[in-house]
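Please read the following notes beside the model.

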Amino acid sequence: IINKNSKDNVFRVITCSFIKPGKRLNFVAHTLKELSELCPKKIEWFHIGSGKNFQIFRKKILKILPQKKVSFFFLGLMTNKEIFNFYKTQNLDLFLLLSLSEGRPVSIMEAMSVGLPVFATNVGGIPELVANNINGNLVDINSPSRQVAHQLNKLIANTKLLKIMRRKSRSKWKKIANSNINNKILIKNLIQKA
């Protein structure tokens with residue numbers, strides 16, 4: 001595992017996406033606001049990614065979040081190298097993706113590669129990557145923010161499960177998304193069929 005969990009009384013979540021309606025970052029903010037009322041820990045939310053009117057977006061997010069309980073860090077656009085460097089140096093507890101729709105998100109595979117548990121909506125190809133109580137949790141797309149916050153709070157309280165999820169996240173990434181391994185399997189299969 002490359003990324004380390006937080007050792008203080010702070011729960012740190014990371015999101016990584018373009019700023020657009022389908023990514024539901026406003027919903028993430030409302031969920032974290034609800035979570036702050038349930039969770040005894042302080043919450044820090046880091047967001048990687050940019051989009052149109054990101055300064056307006058940032059102001060909207062800050063209006064939603066209760067400043068004493070939830071801190072928001074807008075990191076903007078980053079290269080893959082910068083993202084991995086951040087993942088390696090910043091203690092993080094959970095990767096969060098609550099999109100309306102997805103394919104097979106690279107952002108989740110990147111998070112899994114460093115051992116981050118994933119909490120995401122049960123859409124598109126996400127269930128191929130995330131299994132409930134194995135390397136993360138899936139939530140129904142129609143769940144209200146309060147319900148999602150309750151599910152997150154249960155997970156936060158289960159530190160033992162979160163530790164297991166870290167290991168499982170990294171090992172699942174190795175099996176299904178590690179290009180070094182997958183490329184060798186692909187080449188072997190192509191040679192056998194030739």
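1. The lining of the largest pocket divides into nine nonpolar, five polar and three charged residues; Ala, Val, Leu, Ile, Met, Phe, Trp, Tyr, Cys and Pro count as nonpolar, Asp, Glu, Lys and Arg as charged, and the others, Gly among them, as polar. α4 supplies the largest share of this lining, three residues. C16, S17, F18, S107 and E110 lie nearest the centre of the pocket.

2. The model is predicted: local features need pLDDT of at least 70 and side-chain atom pairs pLDDT 80 or more, while totals for chains, interfaces and linings use all residues. Residues are numbered from 1 along each chain as its sequence is written, and side-chain values use heavy atoms, without hydrogens and water.

3. In the second largest pocket, the lining has five nonpolar, two polar and four charged residues. α2 (54–64) gives the most to it, with three residues.

4. A pocket here is an open set of points on a 1 Å grid over the protein atoms alone, where a 1.4 Å probe fits, with protein on both sides within 12 Å along at least five of seven lines; lining residues have an atom within 4 Å of a point.

5. T31 lies in helix α1 (residues 25–38); helices are DSSP runs of H or I with at least four residues, numbered from the N terminus. Is T31 buried or exposed? T31 is buried, with a relative accessible area of 0%; buried means under 20% and exposed over 50%, with a 1.4 Å probe and protein chains only. Leaving aside neighbours within four places in sequence, T31 is in contact (heavy atoms within 4.5 Å) with L98, S145, V148, A149 and L152.

6. The open sheet has six strands (DSSP runs of E, at least two residues) in the order β3-β2-β1-β4-β5-β6, with parallel pairing; two strands pair if DSSP finds at least two bridges between them.
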